[in-house]
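Here is a short report on a predicted model.

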Amino acid sequence: MSLKISDGSPWFKKSGNNVVFSLRIDENVYDVIKQVAETEGRSINTQLLRFIEGGLIEYLEAHDN
């Protein structure tokens, strides 16, 4: 499934208000995220945001009642 967060998902709309929080992840996981971000030409923050939003959309679609 090709997933584009900017497609206007029916699950949530971006408010434009950002929340800043701390996330602890394993160093090896961080290294892989960093490699993906570099390959895709994105910041690590943007890549993490895409992963989180993509996972959230997939979860909500799978659990739609």
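## Helix H2

Gln47, Leu48, Glu53, Gly54 and Ile57 are the buried residues of H2. Buried means under 20% relative accessible area, exposed over 50%, partly exposed in between (1.4 Å probe, protein chains only). These buried residues pack against helix H1 (27–40).

Glutamine 47 lies in H2. Its relative accessible area is 4%, so Glutamine 47 counts as buried. Leaving out residues up to four places away in sequence, Glutamine 47 touches Ile33, Val36, Ala37, Glu40 and Arg42. Contact means heavy atoms within 4.5 Å.

## Whole protein

The protein has 2 helices and 0 strands. Helices (H or I, at least four residues) and strands (E, at least two) are DSSP runs, numbered from the N terminus. Of the 65 residues, 14% are buried. Among contacts between residues at least 6 apart in sequence, 56% join residues at least 24 apart.

## Largest pocket

The lining of the largest pocket has 16 residues; Asn18, Val19, Phe21, Asn45 and Leu49 lie nearest its centre. On a 1 Å grid over the protein atoms alone, a pocket is an open set of points where a 1.4 Å probe fits, with protein on both sides within 12 Å along at least five of seven lines; lining residues have an atom within 4 Å of a point.

## Basis

Residues are numbered from 1 along each chain as its sequence is written. In this predicted model, local features need pLDDT of at least 70, side-chain atom pairs count only at pLDDT 80 or more, and totals for chains, interfaces and linings use all residues, while side-chain values use heavy atoms, without hydrogens and water.
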